[in-house]
Amino acid sequence: MTHNNICTACAADIYINTPVNRSFTYKIPGQMNILPGMRVVVNFGGRKMTGFVSSIHNKLPEGIELKDIESLIDDEPIYDDRIIRLAEYVSDSYLSSVGEALGKALPSGESSRSRPRASRVRQIQDSTISLTGKQKDIYEKIKSSGKGAHLIFGITGSGKTEVYMKAAIDAVSKGLSVIYLVPEITLSSQIHERLYKVFGENLIVYHSHLTPNQRLSNWKKFYRGEAMIAVGTRSAVFLQCPKLGLIIVDEEHDSSYKEQSTPRYNARRVAFYRGETENATLILGSATPSIETLYAAERGKIELHRLDERYGEGKLPIIEIVKLKNSNEEITPRLKLFTNKAIKDGKQAVYLLNRRGFAPFVLCGECGNAVECPDCSIGMNYHRGKGMLCHYCGYSSDVPLKCDKCGSESILKLGSGTQKIEELVSKEFPDYRIFRLDQDSARKKDAVYDLLEMMDKREIDILLGTQMISKGFDFHGVTVAGIIMADIGLNMPDFRATEKIFSLLMQLSGRSGRGGSEGRVIIQTLNDEHLIFGYLKKQDYWGFYREELKIRKLINYPPFSRLARIVIRGKEEEIVLQSAILLADDMKKTGSVKYPQIIILGPSPAPLSKIGGNYRYHIILKSNRLSDLTAFIRTALDSFKSKAVYIEIDIDPVDML
Ligand SMILES: [Zn+2]
Ligand SMILES: [Zn+2]
């Protein structure tokens, strides 16, 4: 060992995927060739972990014994310091460490000894895309503005994809890279096919169905500029490239852009940040933009473009709201009639089932009116022995004896006891071929490709599914969409429940009638007078948006505030509850002095109060300023140490269950 502490490249600053928010210095063994941008293996607290080298220096710190780096993972840099800055942004905004953010952003595969290929940017085939007048206008406007954020608010089937593709071709032909985000892997296969025809080998995919080594290999191609366009799901937003020109976020309202483990980033926000800091154009697109995005567009932060006509021969479907006789009715005569008619004509139907299975809610059997928390304006849930409970603020009340809207005494508890809807549908239509798609079956590799093919070949008559089936699939044979019971979605204990169900129903109606024949959407509900159905029938998203905005403003929900959710979970319910109370009390005490504008709700049991043997309580915070919110939570949690419970932080939460 040398006693002189000046040397050439002898120490490296390394980020590690751990909650400790700083880098660590390790010694570089003499024979090791290390550059910033490489991943290495280090010993951290007795465990072998991946380290991300951020810088190297030629001076060993004095008086500290450094551990050696154990081995190299990469033989060349696979990222540069732009990603460290991006990780710092994610770490600041979503309260993780920089190392955790890097762990999420970077691929995990092992390097094969692939040498950079000579760049061989192929001729782009753009002759297949022709734009209609309206599409052309939007494309020209985005092109002439050069950069900035744009929202294409276009009804389903209006041809947003053609505009994205034209903009992508422009960027690539100028030597700029393009990231094209889609919410689901299943969707990426349909888009991939279209993009491949234009971009060929210039295109890579990037999502979780690839093996880690495939991901790494595609990451490197994009990093080196050997491929200029990437299509992928949310983690593709971190892809590095020589010079970013364009990010497309298709179906920008989709909740799958939000990551569900630390750091809980939203790819839409990260895309926005990259657009601003890297001078790239951002195009968001949706038929049902999120309330937050539309609000930002109205205030001029995002340029709004509208596409109001269906592309090609597609027509908008007819939407019918059908009142269910009672909560046991599953398929109304209207739905049955149109399903039979469609299938006789050689067409197909899709049925949407809403997720059930947590605490039931209480509904009026006559008018469908549900019980809401007077302070939070969200549906309250029924708990045996405890009555009605608000899962945000903890407010409780007795089960009402009669409906406060129509006075009826027929009060139903709904939402528990999952019925086997698949069996019911099979019984109702014994001769039809029925297929069920849910999260679990969709996760299986190839399941969705099989489904797409089966739908295309008309081997399925009725497709049953949850939210999944509304996500941008392009089924040309579908003329009927049925929603089994819209009330379940409407009464979720989530301030976005109405937005989510409205957008879901609009999207689903967009799935029908795409092949030129008229589509019909049958929405079954106990509460046919609910405000949203009027807007839905007219397909009036603006009207709905204005109405919803009023409620958000009244209760100070986003976009008028920023939210954070802290989930406290553990195996022992009493310990979880006591910890949650302790933390909330502590926050309320210090918050009232330092940040009086932050509102702290709870603790209350999370709507999904037990998952995988863990009891869950949550605290919800509201603030007008994000920076206050994150600073406050960081200090509060720094002084709160508990080994018995685990704490999850979610900034701008999308899932409130
Ligand atoms: Zn409440
Ligand atoms: Zn009523």
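Tutor: Leaving out neighbours within four places in sequence, Leu246 is in contact with Ala167, Ala168, Ala171, Leu176, Val178, Ala280, Thr281 and Ile283. Two residues are in contact if their C-beta atoms, placed from the backbone, lie within 7 Å.

Student: Where do the coordinates and numbering come from?

Tutor: This is a predicted model: local features need pLDDT of at least 70, side-chain atom pairs count only at pLDDT 80 or more, and totals for chains, interfaces and linings use all residues. Residues are numbered from 1 along each chain as its sequence is written, while chains are lettered from A and ligands numbered from 1 in the order in which they are written.

Student: Which residues touch the most other members of the largest nonpolar core?

Tutor: Ala168, Tyr180, Leu181, Ile229, Ala230, Leu246 and Leu505, out of 178 residues in that core. Helix α4 gives the most to this core, with seven residues. A nonpolar core is a set of buried Ala, Val, Leu, Ile, Met, Phe, Trp, Tyr and Cys residues joined through C-beta atoms within 7 Å. Buried takes 20 or more other C-beta atoms within 10 Å of a residue's own, exposed 12 or fewer, and partly exposed lies in between.

Student: How much of the protein is buried?

Tutor: 48% of the 657 residues.

Student: What does α4 pack at an angle with?

Tutor: Helix α3 (residues 133–145) packs with α4 (residues 160–173) at about 35 degrees, axes 10 Å apart. Axes are lines fitted to C-alpha atoms, for helices over the stretch in contact, and angles run from 0 to 180 degrees between N-to-C directions. Helices (H or I, at least four residues) and strands (E, at least two) are DSSP runs, numbered from the N terminus.

Student: Switching to the sheet. What's the strand order?

Tutor: β8-β9-β7-β10-β11-β6-β12, an open sheet of seven strands with parallel pairing. Two strands pair if DSSP finds at least two bridges between them.

Student: Which strands stand at the edges?

Tutor: β8 (203–206) and β12 (303–307); each has a single partner strand, so one side of each lacks a neighbour in the sheet. β8 pairs with β9 (residues 229–232) over four bridges. There, Leu203 stands opposite Ile229.

Student: And what lies across β12?

Tutor: α3, running at about 165 degrees to β12. α3 also lies across β6 (148–154) and β11 (281–286). Helix α7 (residues 267–277) packs on the sheet too, touching β6, β7 (177–181), β10 (244–250) and β11.
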